Amino acid sequence: MPIAGHVTKRAPDVAAKDPALGNIRILTIAQALGGAGPPIVISLGGIVGKTLASDPAFATIPVSLYNVGVAVGTLPAAYIMRRFGRRHGYVFGALIGIFGGLLAATAITIETFALFALATVLIGLFGAYIQSFRFAATDSVAAEHRATAISRVMVGGLAAAIIGPQVVIWTSDAIPGVPYAASFIGLSILAFLTLLLATRLKPVAAAAPTPASGGRPLSKIVRAPRFILAAATGVVSYALMAFIMTATPLAMVACGHSVGQATLGIQWHVLAMFGPSFFTGRLIARFGKERIAATGLALIAGCAVIALSGLAVANFWLALVLLGVGWNFGFIGATAMIADCHTPEERGKVQGLNDFLIFGSTATASFLAGALVHIDNGWSLMNWLVFPATLAVFLPLLAVGRRAARA
(Lines give C-alpha, C1' and ligand atoms only; values in the text may rest on other atoms or scores of the structure.)
Protein backbone atom coordinates (compact mmCIF):
# COMPACT_ATOMS: atom_id res chain seq x y z
CA MET A 1 0.00 0.00 0.00
CA PRO A 2 1.58 3.32 -0.94
CA ILE A 3 2.15 6.09 1.54
CA ALA A 4 2.66 9.82 1.42
CA GLY A 5 6.37 9.59 0.74
CA HIS A 6 5.60 7.96 -2.65
CA VAL A 7 3.14 10.53 -3.97
CA THR A 8 5.57 11.93 -6.52
CA LYS A 9 5.81 8.57 -8.22
CA ARG A 10 2.10 8.42 -8.99
CA ALA A 11 -0.18 10.29 -11.31
CA PRO A 12 -1.77 13.23 -9.46
CA ASP A 13 -5.34 12.11 -10.20
CA VAL A 14 -4.64 8.65 -8.77
CA ALA A 15 -2.98 10.06 -5.66
CA ALA A 16 -5.90 12.41 -5.08
CA LYS A 17 -8.30 9.46 -5.07
CA ASP A 18 -6.27 7.40 -2.60
CA PRO A 19 -7.96 7.85 0.80
CA ALA A 20 -4.84 6.69 2.65
CA LEU A 21 -2.73 9.45 1.11
CA GLY A 22 -5.47 12.01 1.71
CA ASN A 23 -5.81 10.96 5.34
CA ILE A 24 -2.08 11.27 5.94
CA ARG A 25 -2.18 14.83 4.64
CA ILE A 26 -5.19 15.65 6.82
CA LEU A 27 -3.56 14.09 9.88
CA THR A 28 -0.39 16.09 9.25
CA ILE A 29 -2.32 19.37 9.18
CA ALA A 30 -4.39 18.31 12.19
CA GLN A 31 -1.15 17.51 14.04
CA ALA A 32 0.03 21.06 13.29
CA LEU A 33 -3.14 22.65 14.68
CA GLY A 34 -4.20 20.30 17.47
CA GLY A 35 -0.56 19.68 18.40
CA ALA A 36 -0.10 23.39 19.07
CA GLY A 37 -2.14 22.98 22.26
CA PRO A 38 0.54 21.27 24.37
CA PRO A 39 3.14 24.05 23.84
CA ILE A 40 0.52 26.54 25.04
CA VAL A 41 -0.19 24.51 28.19
CA ILE A 42 3.51 23.82 28.80
CA SER A 43 4.55 27.44 28.28
CA LEU A 44 1.82 28.92 30.46
CA GLY A 45 0.67 26.13 32.76
CA GLY A 46 3.38 26.65 35.35
CA ILE A 47 3.28 30.45 35.08
CA VAL A 48 -0.51 30.67 35.44
CA GLY A 49 -0.41 27.97 38.11
CA LYS A 50 2.09 29.97 40.14
CA THR A 51 -0.14 33.04 39.88
CA LEU A 52 -3.33 31.25 40.92
CA ALA A 53 -2.03 28.67 43.41
CA SER A 54 -1.89 29.32 47.13
CA ASP A 55 1.52 27.61 47.32
CA PRO A 56 4.27 28.05 44.67
CA ALA A 57 5.03 24.32 45.00
CA PHE A 58 1.72 23.68 43.23
CA ALA A 59 2.74 25.73 40.20
CA THR A 60 3.39 22.79 37.85
CA ILE A 61 0.29 20.84 38.90
CA PRO A 62 -1.72 22.10 35.88
CA VAL A 63 0.99 20.84 33.49
CA SER A 64 1.13 17.55 35.36
CA LEU A 65 -2.66 17.25 35.22
CA TYR A 66 -2.52 17.86 31.48
CA ASN A 67 -0.36 14.73 31.26
CA VAL A 68 -2.77 12.92 33.59
CA GLY A 69 -5.56 13.82 31.19
CA VAL A 70 -3.61 12.37 28.27
CA ALA A 71 -2.89 9.19 30.23
CA VAL A 72 -6.46 8.75 31.47
CA GLY A 73 -7.84 9.52 28.04
CA THR A 74 -5.80 7.03 26.01
CA LEU A 75 -7.79 3.88 26.74
CA PRO A 76 -11.25 5.50 26.38
CA ALA A 77 -10.05 7.21 23.18
CA ALA A 78 -8.84 3.89 21.79
CA TYR A 79 -12.20 2.28 22.63
CA ILE A 80 -14.23 5.13 21.09
CA MET A 81 -12.19 5.05 17.89
CA ARG A 82 -12.41 1.27 17.70
CA ARG A 83 -16.16 1.38 18.29
CA PHE A 84 -17.12 4.42 16.20
CA GLY A 85 -14.14 4.96 13.89
CA ARG A 86 -11.24 7.40 13.78
CA ARG A 87 -13.25 10.29 12.32
CA HIS A 88 -16.00 10.31 14.94
CA GLY A 89 -13.45 9.81 17.70
CA TYR A 90 -11.41 12.80 16.59
CA VAL A 91 -14.48 15.00 16.34
CA PHE A 92 -15.44 14.06 19.91
CA GLY A 93 -11.91 14.69 21.14
CA ALA A 94 -11.83 18.12 19.48
CA LEU A 95 -15.07 19.07 21.23
CA ILE A 96 -13.40 18.28 24.55
CA GLY A 97 -10.45 20.45 23.54
CA ILE A 98 -12.70 23.39 22.63
CA PHE A 99 -14.44 23.22 26.01
CA GLY A 100 -11.16 22.77 27.88
CA GLY A 101 -9.60 25.88 26.35
CA LEU A 102 -12.66 28.02 27.10
CA LEU A 103 -12.79 26.68 30.66
CA ALA A 104 -9.12 27.57 31.17
CA ALA A 105 -9.74 31.13 29.97
CA THR A 106 -12.71 31.38 32.35
CA ALA A 107 -10.62 30.07 35.27
CA ILE A 108 -7.93 32.68 34.62
CA THR A 109 -10.56 35.41 34.44
CA ILE A 110 -12.15 34.50 37.77
CA GLU A 111 -8.76 33.51 39.28
CA THR A 112 -9.66 29.98 40.33
CA PHE A 113 -6.76 27.53 40.46
CA ALA A 114 -8.91 24.39 40.80
CA LEU A 115 -10.94 25.27 37.71
CA PHE A 116 -7.77 25.96 35.73
CA ALA A 117 -6.38 22.59 36.81
CA LEU A 118 -9.61 20.88 35.67
CA ALA A 119 -9.34 22.66 32.33
CA THR A 120 -5.83 21.31 31.74
CA VAL A 121 -7.14 17.79 32.42
CA LEU A 122 -9.75 18.29 29.69
CA ILE A 123 -7.11 19.63 27.31
CA GLY A 124 -5.12 16.50 28.14
CA LEU A 125 -8.10 14.32 27.19
CA PHE A 126 -8.07 16.11 23.83
CA GLY A 127 -4.34 15.46 23.67
CA ALA A 128 -4.99 11.71 23.94
CA TYR A 129 -6.70 11.85 20.57
CA ILE A 130 -3.95 14.00 19.07
CA GLN A 131 -1.35 11.45 20.17
CA SER A 132 -3.12 8.71 18.21
CA PHE A 133 -2.67 10.56 14.90
CA ARG A 134 0.69 8.82 14.48
CA PHE A 135 -0.96 5.39 14.79
CA ALA A 136 -3.80 6.40 12.46
CA ALA A 137 -1.18 7.00 9.77
CA THR A 138 -0.21 3.32 9.89
CA ASP A 139 -3.75 1.95 9.57
CA SER A 140 -3.51 1.25 5.86
CA VAL A 141 0.21 0.99 5.07
CA ALA A 142 2.49 -2.01 4.74
CA ALA A 143 4.83 -2.83 7.61
CA GLU A 144 7.95 -1.61 5.83
CA HIS A 145 6.41 1.86 5.34
CA ARG A 146 5.07 2.44 8.85
CA ALA A 147 8.03 4.44 10.16
CA THR A 148 7.87 6.78 7.17
CA ALA A 149 4.10 7.23 7.56
CA ILE A 150 4.56 8.04 11.26
CA SER A 151 7.29 10.55 10.42
CA ARG A 152 5.14 12.23 7.80
CA VAL A 153 2.38 12.93 10.31
CA MET A 154 4.84 13.98 13.00
CA VAL A 155 6.18 16.65 10.64
CA GLY A 156 2.97 18.51 11.45
CA GLY A 157 4.40 18.98 14.91
CA LEU A 158 7.03 21.23 13.37
CA ALA A 159 4.32 23.73 12.49
CA ALA A 160 2.78 23.18 15.93
CA ALA A 161 6.11 24.20 17.46
CA ILE A 162 5.73 27.57 15.79
CA ILE A 163 1.97 28.02 16.12
CA GLY A 164 1.68 27.22 19.85
CA PRO A 165 4.35 29.59 21.23
CA GLN A 166 3.39 32.31 18.76
CA VAL A 167 -0.22 32.12 19.98
CA VAL A 168 1.16 32.70 23.49
CA ILE A 169 3.32 35.62 22.40
CA TRP A 170 0.60 37.31 20.30
CA THR A 171 -2.31 36.82 22.69
CA SER A 172 -0.84 36.90 26.20
CA ASP A 173 -2.02 40.47 26.81
CA ALA A 174 -4.84 40.58 24.26
CA ILE A 175 -7.47 40.89 27.02
CA PRO A 176 -6.56 43.86 29.24
CA GLY A 177 -6.20 42.94 32.88
CA VAL A 178 -6.52 39.21 32.23
CA PRO A 179 -3.12 37.99 30.97
CA TYR A 180 -2.98 34.64 29.18
CA ALA A 181 -6.77 34.11 29.01
CA ALA A 182 -6.79 34.89 25.27
CA SER A 183 -4.06 32.29 24.72
CA PHE A 184 -6.41 29.54 25.88
CA ILE A 185 -9.22 30.95 23.74
CA GLY A 186 -6.72 30.56 20.90
CA LEU A 187 -6.28 26.93 21.92
CA SER A 188 -10.04 26.44 21.58
CA ILE A 189 -9.95 27.91 18.09
CA LEU A 190 -7.16 25.51 17.13
CA ALA A 191 -9.25 22.61 18.47
CA PHE A 192 -12.21 23.76 16.39
CA LEU A 193 -10.06 23.79 13.25
CA THR A 194 -8.89 20.27 14.13
CA LEU A 195 -12.55 19.23 14.35
CA LEU A 196 -13.20 20.57 10.85
CA LEU A 197 -10.24 18.59 9.52
CA ALA A 198 -11.38 15.40 11.27
CA THR A 199 -14.68 15.51 9.40
CA ARG A 200 -12.72 15.16 6.14
CA LEU A 201 -11.08 11.83 7.05
CA LYS A 202 -12.08 8.97 4.75
CA PRO A 203 -12.51 5.28 5.61
CA VAL A 204 -9.54 3.20 4.45
CA ALA A 205 -8.99 -0.51 4.03
CA ALA A 206 -6.45 -2.11 6.34
CA ALA A 207 -3.11 -3.18 4.85
CA ALA A 208 -4.11 -6.74 5.71
CA PRO A 209 -7.54 -8.29 6.33
CA THR A 210 -8.71 -8.01 9.91
CA PRO A 211 -9.88 -11.31 11.42
CA ALA A 212 -13.11 -11.30 13.39
CA SER A 213 -11.43 -12.46 16.61
CA GLY A 214 -9.91 -10.05 19.07
CA GLY A 215 -6.46 -11.54 18.70
CA ARG A 216 -4.25 -12.62 21.57
CA PRO A 217 -5.16 -11.69 25.14
CA LEU A 218 -3.54 -8.45 26.23
CA SER A 219 -1.95 -10.26 29.17
CA LYS A 220 -0.01 -12.43 26.72
CA ILE A 221 1.04 -9.52 24.50
CA VAL A 222 2.47 -7.46 27.37
CA ARG A 223 4.70 -10.34 28.46
CA ALA A 224 6.42 -10.49 25.08
CA PRO A 225 10.02 -9.13 25.30
CA ARG A 226 9.48 -7.17 22.09
CA PHE A 227 6.53 -5.28 23.57
CA ILE A 228 8.30 -4.71 26.88
CA LEU A 229 11.32 -3.13 25.18
CA ALA A 230 9.18 -1.04 22.81
CA ALA A 231 6.96 0.25 25.62
CA ALA A 232 9.95 0.92 27.89
CA THR A 233 11.63 2.92 25.13
CA GLY A 234 8.53 5.07 24.66
CA VAL A 235 8.08 5.53 28.41
CA VAL A 236 11.68 6.59 29.06
CA SER A 237 11.87 8.86 26.01
CA TYR A 238 8.63 10.68 26.76
CA ALA A 239 8.80 10.73 30.56
CA LEU A 240 12.34 12.12 30.64
CA MET A 241 11.43 14.71 28.04
CA ALA A 242 8.45 15.85 30.14
CA PHE A 243 10.52 15.64 33.35
CA ILE A 244 13.11 18.13 32.12
CA MET A 245 10.86 20.26 29.91
CA THR A 246 8.23 20.88 32.61
CA ALA A 247 10.84 22.26 35.00
CA THR A 248 12.91 24.24 32.51
CA PRO A 249 10.74 27.40 32.28
CA LEU A 250 10.60 27.61 36.09
CA ALA A 251 14.34 26.95 36.38
CA MET A 252 15.10 29.64 33.80
CA VAL A 253 12.95 32.24 35.57
CA ALA A 254 14.52 31.27 38.92
CA CYS A 255 17.94 31.88 37.36
CA GLY A 256 16.95 35.42 36.37
CA HIS A 257 15.97 34.78 32.76
CA SER A 258 12.76 36.25 31.37
CA VAL A 259 9.46 34.55 30.64
CA GLY A 260 9.98 35.44 26.97
CA GLN A 261 13.35 33.66 26.95
CA ALA A 262 11.75 30.63 28.60
CA THR A 263 8.93 30.61 26.02
CA LEU A 264 11.39 30.86 23.14
CA GLY A 265 13.35 28.01 24.69
CA ILE A 266 10.22 25.86 24.64
CA GLN A 267 9.62 26.89 21.03
CA TRP A 268 13.12 25.75 20.02
CA HIS A 269 12.56 22.58 21.99
CA VAL A 270 9.32 21.73 20.20
CA LEU A 271 10.92 22.57 16.84
CA ALA A 272 13.68 20.11 17.70
CA MET A 273 11.06 17.55 18.72
CA PHE A 274 9.38 17.50 15.32
CA GLY A 275 11.90 18.93 12.84
CA PRO A 276 13.86 15.67 12.50
CA SER A 277 10.64 13.92 11.41
CA PHE A 278 11.51 14.90 7.83
CA PHE A 279 14.23 12.25 7.88
CA THR A 280 13.69 10.06 10.96
CA GLY A 281 11.70 7.53 8.92
CA ARG A 282 14.53 7.20 6.40
CA LEU A 283 17.08 6.82 9.19
CA ILE A 284 14.98 4.04 10.71
CA ALA A 285 14.69 2.32 7.33
CA ARG A 286 18.48 2.41 6.95
CA PHE A 287 19.76 1.75 10.47
CA GLY A 288 16.83 0.08 12.21
CA LYS A 289 14.27 1.15 14.79
CA GLU A 290 16.27 0.05 17.80
CA ARG A 291 19.48 1.86 16.83
CA ILE A 292 17.73 5.14 16.12
CA ALA A 293 15.80 4.88 19.40
CA ALA A 294 19.09 4.21 21.22
CA THR A 295 20.61 7.28 19.57
CA GLY A 296 17.67 9.28 20.87
CA LEU A 297 18.32 8.15 24.43
CA ALA A 298 21.99 9.07 24.04
CA LEU A 299 20.96 12.58 22.97
CA ILE A 300 18.68 12.90 25.99
CA ALA A 301 21.66 12.02 28.18
CA GLY A 302 23.63 14.69 26.29
CA CYS A 303 20.92 17.19 27.22
CA ALA A 304 21.58 16.48 30.90
CA VAL A 305 25.34 16.98 30.39
CA ILE A 306 24.74 20.44 28.86
CA ALA A 307 22.26 21.40 31.58
CA LEU A 308 24.73 20.44 34.30
CA SER A 309 27.53 22.47 32.73
CA GLY A 310 26.00 25.92 33.33
CA LEU A 311 22.93 28.11 33.90
CA ALA A 312 23.25 30.57 31.03
CA VAL A 313 20.41 30.96 28.51
CA ALA A 314 22.56 29.10 25.96
CA ASN A 315 22.82 26.08 28.28
CA PHE A 316 19.08 25.89 28.76
CA TRP A 317 18.32 26.35 25.07
CA LEU A 318 20.93 23.87 23.81
CA ALA A 319 19.80 21.32 26.39
CA LEU A 320 16.20 21.75 25.24
CA VAL A 321 17.20 21.26 21.59
CA LEU A 322 19.09 18.04 22.37
CA LEU A 323 16.15 16.90 24.49
CA GLY A 324 13.79 17.52 21.57
CA VAL A 325 15.85 15.65 18.97
CA GLY A 326 16.43 12.80 21.41
CA TRP A 327 12.70 12.54 22.05
CA ASN A 328 12.00 12.46 18.31
CA PHE A 329 14.37 9.56 17.65
CA GLY A 330 13.33 7.68 20.78
CA PHE A 331 9.58 8.19 20.46
CA ILE A 332 9.25 7.55 16.71
CA GLY A 333 11.53 4.53 17.03
CA ALA A 334 9.42 3.21 19.91
CA THR A 335 6.18 3.86 18.00
CA ALA A 336 7.49 1.90 15.02
CA MET A 337 8.50 -0.91 17.38
CA ILE A 338 5.01 -0.99 18.91
CA ALA A 339 3.46 -1.15 15.43
CA ASP A 340 5.34 -4.44 14.95
CA CYS A 341 4.00 -5.91 18.20
CA HIS A 342 0.37 -6.43 17.22
CA THR A 343 -1.86 -7.80 14.51
CA PRO A 344 -4.61 -5.61 12.97
CA GLU A 345 -7.30 -6.92 15.31
CA GLU A 346 -5.05 -6.27 18.32
CA ARG A 347 -4.22 -2.74 17.22
CA GLY A 348 -6.61 -0.73 19.38
CA LYS A 349 -5.92 -2.36 22.73
CA VAL A 350 -2.13 -2.52 22.25
CA GLN A 351 -1.85 1.09 21.09
CA GLY A 352 -4.15 2.26 23.87
CA LEU A 353 -2.19 0.41 26.56
CA ASN A 354 1.11 1.67 25.19
CA ASP A 355 -0.05 5.29 25.33
CA PHE A 356 -1.54 4.76 28.79
CA LEU A 357 1.86 3.56 30.04
CA ILE A 358 3.68 6.41 28.33
CA PHE A 359 1.45 9.21 29.53
CA GLY A 360 0.88 7.74 32.95
CA SER A 361 4.65 7.78 33.49
CA THR A 362 4.84 11.22 31.89
CA ALA A 363 2.28 12.57 34.36
CA THR A 364 4.26 11.09 37.24
CA ALA A 365 7.45 12.64 35.86
CA SER A 366 5.75 16.05 35.64
CA PHE A 367 4.62 15.85 39.26
CA LEU A 368 8.15 14.92 40.35
CA ALA A 369 9.58 17.77 38.30
CA GLY A 370 7.33 20.27 40.05
CA ALA A 371 8.42 19.00 43.46
CA LEU A 372 12.14 18.70 42.72
CA VAL A 373 12.74 21.96 40.87
CA HIS A 374 11.91 23.98 43.99
CA ILE A 375 14.34 22.25 46.37
CA ASP A 376 18.00 23.19 46.80
CA ASN A 377 20.05 21.92 43.85
CA GLY A 378 16.84 20.44 42.48
CA TRP A 379 17.69 21.30 38.86
CA SER A 380 21.03 19.51 39.14
CA LEU A 381 19.47 16.47 40.82
CA MET A 382 16.87 16.19 38.05
CA ASN A 383 19.53 16.11 35.37
CA TRP A 384 21.64 13.54 37.22
CA LEU A 385 18.60 11.24 37.34
CA VAL A 386 18.51 11.19 33.52
CA PHE A 387 21.62 9.02 33.25
CA PRO A 388 20.48 5.79 34.96
CA ALA A 389 17.07 5.96 33.27
CA THR A 390 18.51 6.24 29.76
CA LEU A 391 21.18 3.62 30.37
CA ALA A 392 18.61 1.04 31.52
CA VAL A 393 16.96 1.04 28.07
CA PHE A 394 19.92 2.08 25.91
CA LEU A 395 21.86 -1.15 26.43
CA PRO A 396 19.00 -3.56 25.54
CA LEU A 397 18.21 -1.47 22.46
CA LEU A 398 21.80 -1.73 21.27
CA ALA A 399 21.80 -5.50 21.79
CA VAL A 400 18.54 -5.99 19.89
CA GLY A 401 19.68 -3.59 17.16
CA ARG A 402 22.88 -5.54 16.62
CA ARG A 403 21.00 -8.82 16.36
CA ALA A 404 18.58 -7.28 13.85
CA ALA A 405 21.48 -5.94 11.77
CA ARG A 406 23.15 -9.38 11.67
CA ALA A 407 19.83 -10.97 10.69
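Buried means under 20% relative accessible area, exposed means over 50%, and partly exposed lies in between. Keep in mind that this is a predicted model.

## Salt bridges

The structure holds 2 salt bridges. In one of them, Arg134 pairs with Asp355, and their closest N and O atoms are 2.7 Å apart. This pair links distant parts of the chain, with Arg134 in helix α7 (residues 133-136) and Asp355 in helix α17 (residues 347-372), 221 residues apart. Asp355 has 3% relative accessibility, so it counts as buried. Arg134 is buried too, with a relative accessible area of 1%.

Lys289 forms a salt bridge with Asp340, where the closest N and O atoms are 3.0 Å apart. Here again distant parts of the chain are linked: Lys289 belongs to helix α15 (residues 289-308), while Asp340 sits in the loop between α16 and α17, 51 residues apart. Asp340 counts as partly exposed because its relative accessibility is 25%.

## A helix crossing

How do α8 and α16 cross? The axes of helix α8 (residues 146-154) and helix α16 (residues 313-339) come within 9 Å, crossing at roughly 135°. That angle makes α8 oblique to α16. The crossing of these two helices, α8 and α16, is right-handed.

## A nonpolar surface patch

Helix α10 (residues 181-198) supplies the largest share, 5 residues.

Leu102 belongs to helix α5 (residues 86-110). With 41% relative accessibility, Leu102 counts as partly exposed.

Key:
Residues numbered from 1 in each chain as written. Predicted model: local features only at pLDDT ≥ 70, side-chain atom pairs only at ≥ 80, totals over all residues. Heavy atoms only, no water. Helix = DSSP H or I, 4+ residues; strand = E, 2+ residues; numbered from the N terminus. Buried < 20%, exposed > 50% of the residue type's maximum accessible area, 1.4 Å probe, protein only. Axes fitted to C-alpha atoms, helices over the stretch in contact; angles between N-to-C directions. Parallel < 35°, antiparallel > 145°, perpendicular 65-115°, else oblique. Left-handed = near helix turned anticlockwise from the far one by under 90°. Salt bridge = Lys/Arg side-chain N within 4 Å of Asp/Glu carboxyl O.
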